[in-house]
Amino acid sequence: MISVFDMYKVGIGPSSSHTVGPMRAAHDFMREVDKQYGVSNVTRVEVELFGSLGQTGKGHGTGKAVILGLAGELPESVDTSKIDDFLADVDQSQQLPLLGEHPVKFPRQGAIVFHRRKSMPKHANAMELRAYQDETLLHKDLYYSIGGGFIVRDADFDETLEEAIEQSTKPIPHPFDSAADLLEQCGQHSISISQLMMANEKVERAEDDVRAGLLHIWKTMQDCIDTGIRTEGILPGGLKVKRRAPGLHQCLSTEEQNDPMGAMDWVNLYALAVNEENAAGGRIVTAPTNGAAGIIPAVMKYADTFIRPLTDDDVVNFLLTSAAIGILYKKNASISGAEVGCQGEVGVACSMAAGALAEVMGGSVRQVECAAEIGMEHNLGLTCDPVGGLVQVPCIERNAMGSVKAINAARLALRGTGDQKVSLDKVIKTMWDTGNDMKSKYKETARGGLAVNITEC
């Protein structure tokens, strides 16, 4: 099965597919080299980045992530306060301590190659790593970063992605491959989507551990909002985008609140705060990707602030329900902007948040499905066109828009009967078909849309 903890990973910005995935791949590669040959026998490593990783990897911090992974760091545990100093030391010395213990030459030019025009056939995000002892090739491997921080080795890719990322070999009580499966099992057993997910999670973890892990994820999301609100300055990269969350927070905190739509200003703030923090390389939760990381925290914070304070049960149910919806997209389409455009990131996050909000607000299983369907239906065709290859414009504001859409989708569904004309399964298939038909320049290559119509400053 794909776990809730696969859909929600604590990591760093700015991109799950371009930062979190490559860091994991580089770390996995070095661990395998150490296991087979001993890291002390390596004299140099080389990395080549293909497809979207090569085209927008510099703006997305892929090279930095690879260096950190080779040095033994992982996204969930790396000390973000020390990253810049470490990378500066590597650049100045042109040496890299593999797994943090064995320094090798790592020249500025040539150690990592960004291929802007070369791709691999299996996936848009590919990277090859090679380890040498002098001129002898010890080990090489090809990895794909398939979205949301998931990585797949080339040797595993042909087994089908579902098998390659499978986390549990134990039978689960409620397997599902479609929304129809999900609804049928919920009806058959008279349980909610969150209850179904919890039963599946308990195959691998005790319920208390699942709850503790999900509450930690919510705490990390809240901390990210708070950090984004209080941190001023200019985001890294050539666009010189100013952080807006601190100023917006000051305005909202001092204004008289007599606007009936004022809650939406706060939702915008929460989403902006998270994605500005993501753009700065801060600690975030991949939900289900980094580029869309602000939507679910913003919608949860909205519920906590403007509907009712979220109990621990509410938090657990929200994250379990949203993860079930995300799993459907992961299995049957994609959550990678490089593969299907931003509909696969912001659209999926919007769909996940809408369905989960509907459940927490007392919606039926049918209304949850309806909310998730509405959330995606009105993001179909959304392109991924980051200006300058940075996860800033239009990515940050797009999270605010996605958050508001998710809230409205949940409200529409709760006012309905759940008997919508378009099913969640049909909209997922439509999203996949749309992504396949979309030209590559609109899929995280920074070669189309706003990316070429906005002048970099």
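Modeller: Happy to! Let's begin with the word "domain": the bounds come from an automatic or database domain assignment. That assignment gives domain 1 as residues 16–162 and domain 2 as residues 172–442. Their C-alpha centres are 29 Å apart.

A word on the ground rules. This is a predicted model, in which local features need pLDDT of at least 70, side-chain atom pairs count only at pLDDT 80 or more, and totals for chains, interfaces and linings use all residues. Residues are numbered from 1 along each chain as its sequence is written, and side-chain values use heavy atoms, with hydrogens and water left out.

Now to the interface itself. Taking contact as heavy atoms within 4.5 Å, 19 residues of domain 1 touch 18 residues of domain 2. The size of an interface is often given as the accessible area lost when the parts come together. Here, domain 1 and domain 2 bury about 1300 Å² between them, with 53% of it on carbon and sulfur atoms; this buried area is found with a 1.4 Å probe and summed over both parts.

Which elements build the domain 1 side? At least two residues each come from helix H2 (16–37), helix H3 (52–60) and strand E7 (136–147). These names follow DSSP runs numbered from the N terminus: helices are H or I runs of at least four residues, strands are E runs of at least two. H3 gives the largest share of this side, 4 residues. By type, this side has 6 nonpolar, 11 polar and 2 charged residues. In that sorting, Ala, Val, Leu, Ile, Met, Phe, Trp, Tyr, Cys and Pro are nonpolar, Asp, Glu, Lys and Arg are charged, and the others, Gly among them, are polar.

Pro14 sits in the loop between strand E1 (9–12) and H2, and the Gly13 to Pro14 peptide bond is cis, with omega near 5°. Asp134 lies in the loop between strand E6 (125–133) and E7, and has a positive phi of about 55° although it is not a glycine.

Conventions
Buried area is the accessible area (1.4 Å probe) that two parts lose on being put together, summed over both.
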